[in-house]
Amino acid sequence: MIELVGNRAAHDAFFTAAERGGLHHAWLLAGPEGVGKASFARVAASRLLAHALDPRVPVRGGALSEEDRTAALIAAGSHPDYREMARQPKDPAKPDENLARSIPIAQVRALQPMFATKPSLSERRVVLIDAVDDLETAAANALLKNLEEPPAGTIFLLVSHAPGRLLPTIRSRCRMLRFERLSDAEVATVVRAAMPDVSDLECDALVRGGEGLPGRALAFAGLDVAALERAMAAIARDGDPSNALRGKLAKALGGKAAQHRYEAFLERAPSFIAARARERSGVALRTALGAYEAARALAAAAPGLSLDAQATVFEMGGILARLAEQDGLQSRGAMH
């Protein structure tokens, strides 16, 4: 059973409004991607629908048990009063790959037959969009019409990673719930709940990689992020003058089978350098900040330009080595 972790103020604001009967018809769940907005939205949706069906079920709480009728219907994708909208895979045979770039108007229009009738199981209906940022312009305008004239009993839960980019008219018709990054302890709680057998070393690495975002931490699961961190630390510490360390890392991450670890490395390297920068001052800080900018630019460009993975890892290793070069200069300066 999923327990809600962190962002207690946002959770309480929503559930308190539901308990008092003052639930706004549209909620904008705003915050960084991976912070847990969609997870909360799914729990909240199931709670609203279960309580509407049977008032003995508390509206406030974590995920419903699997035996609950509402939970079972949602899990089976057959709840008549629940719709979840997201980007669809380009190839239905590969549901986790090659998602469409946006949510087209056809998906929004597909809601209209449901809105033409009353809810089936109770007086409540929930539509969850993850994420509303992905709506095409025409789709956003079509949704706006539903927000302006909400169907009776319908609650919209709109997940947004960048609410400032939404149509002002959509934002103005929603009540906003702000989600902030979690503490390291809270992220660790989420990681351990999802991965009961995770080692302390790997859990710590996932927490660092998550940077307050449990979804991001879990995305690194199974990629041995701790080993990647050790490799980066060795290069940053010793400078790798023979190129042996970065060469070994490049070879390990250069093959197709290592694609996900390669992507994790690109995502972690700038953050790794940023953490080192926070420990420095003066010339060493300027060097670290320059390395951070270079690492961030390389990590951003590599996927879009389809740069060779092995060459990219080797280049990133060179950027990491700058930290050691500066440390060496400082050490020699201190001796004199």
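Is Arg 42 buried, partly exposed or exposed? With a relative accessibility of 34%, Arg 42 counts as partly exposed (buried means under 20% relative accessible area, exposed over 50%, partly exposed in between, with a 1.4 Å probe and protein chains only). Before we go on, note that this is a predicted model, in which local features need pLDDT of at least 70 and side-chain atom pairs count only at pLDDT 80 or more, while totals for chains, interfaces and linings use all residues. Residues are numbered from 1 along each chain as its sequence is written, and side-chain values use heavy atoms, leaving out hydrogens and water.

Arg 42 has a partner: its side chain meets that of Glu 84 in a salt bridge, N to O 2.7 Å (a side-chain nitrogen of Lys or Arg within 4 Å of a carboxyl oxygen of Asp or Glu). Glu 84 lies in strand 2 (residues 82–85) and Arg 42 in helix 2 (residues 37–53), so the bridge ties together parts 42 residues apart in sequence. Helices (H or I, at least four residues) and strands (E, at least two) are DSSP runs, numbered from the N terminus. Glu 84 is partly exposed too, at 37%.

The structure holds 15 salt bridges. Another pairs Glu 267 with Arg 216, the closest N and O atoms being 2.8 Å apart. This pair links helix 13 to helix 10 (residues 214–219), across 51 residues. Here Glu 267 is partly exposed at 37%, whereas Arg 216 is buried at 16%. Salt bridges with shared partners also join Asp 12, Glu 19 and Arg 60 into one network.
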